[in-house]
Amino acid sequence: MSILEVNHIEKNFGATKVLKDISFTLEEGQALSIIGSSGSGKTTLLRCLNFLETPSSGSISVRGETLFDAADSRTQTESAIRKKRLHFGLVFQNFNLFPQYTALQNVTLARMLQAKETGESKESIETAGMELLSQMGLANRANHYPHQLSGGQQQRVAIARALALHPDILCFDEPTSALDPELTGEVLRVIRDLAEKKTTMIIVTHEMNFARDVSDQLIFMDGGVIVEQGDPYQIINNPREKRTRQFLSHYAEK
């Protein structure tokens, strides 16, 4: 069974159709990359999956459980929406760390807030947070504040924070777009390591070679629709659709 099933998702903002009949599945342990030009609907799709936006139509299921179905018109409570978001971890373009908290505090905050319900001890939460920071190569930065960290380090803290709640699917929205070129590699190495560990991921990215080499499947979006999807090597190296070829020509080696 697929871990994620997205069926006929559409999203309208007034008269503007941003997503049009988006459908795909994702198997557990797979990495899916989504590429496309600015305004193609990639980020809106991620926001719909993370329940930061409500699709206008379609359905979303995780592990066979329907999390959203536009045919069900019942109003969702904020508590129910927060619960659904736990299936997904989202790493934003611009880190979105809390500046008043240390790296460790940023990673552990959500679990600390849940501790009253879960009964988890502060010590166990901090131990798990340190393990995640170590995994990111940041054990020696645990007590540093965001302003004391480079952009690449901040993004790795953000990845650790997203992993802290053990999401079914980890989502990245252009994780290197806010980084200087020399810092991009360290974040991509972390994501590559997660892929090798079979972390289920959806990666919106403009790093074409990375998408080709790391992903199990790839989607090219344009104008709110999926133009082409399938094997990353086939799409990047030998795209079938004219629009895909036009888009990728801008990334061809000079």
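Analyst: In this predicted model, two aromatic pairs are found, a pair being rings of Phe, Tyr or Trp (its six-membered ring) with centres within 6.5 Å, called stacked when the planes are under 30 degrees apart, edge-to-face when over 60 and tilted for the rest. F98 and Y101 form an edge-to-face pair, because their ring centres are 5.9 Å apart and their planes stand at 70°. F98 is partly exposed at 37% relative accessibility, and Y101 is partly exposed at 28%, where buried means under 20% relative accessible area, exposed over 50% and partly exposed in between (1.4 Å probe, protein chains only).

Turning to the packing, a nonpolar core is a set of buried Ala, Val, Leu, Ile, Met, Phe, Trp, Tyr and Cys residues joined through side-chain atoms within 4.5 Å. The largest such core has 34 residues, among which L133, I159, F172 and M201 touch the most other members. Among the elements giving it two or more residues are α5 (151–163), β7 (169–173) and β8 (201–204), while α6 gives the most, with seven residues; helices (H or I, at least four residues) and strands (E, at least two) are DSSP runs numbered from the N terminus. Beyond its neighbours within four places in sequence, F172 is in contact (heavy atoms within 4.5 Å) with residues including L46, V91, I159 and M201. A second, separate core of 28 residues includes I60, F68, I202 and V204.

As for conventions, residues are numbered from 1 along each chain as its sequence is written, and side-chain values use heavy atoms, without hydrogens and water. Local features need pLDDT of at least 70 and side-chain atom pairs count only at pLDDT 80 or more, whereas totals for chains, interfaces and linings use all residues.
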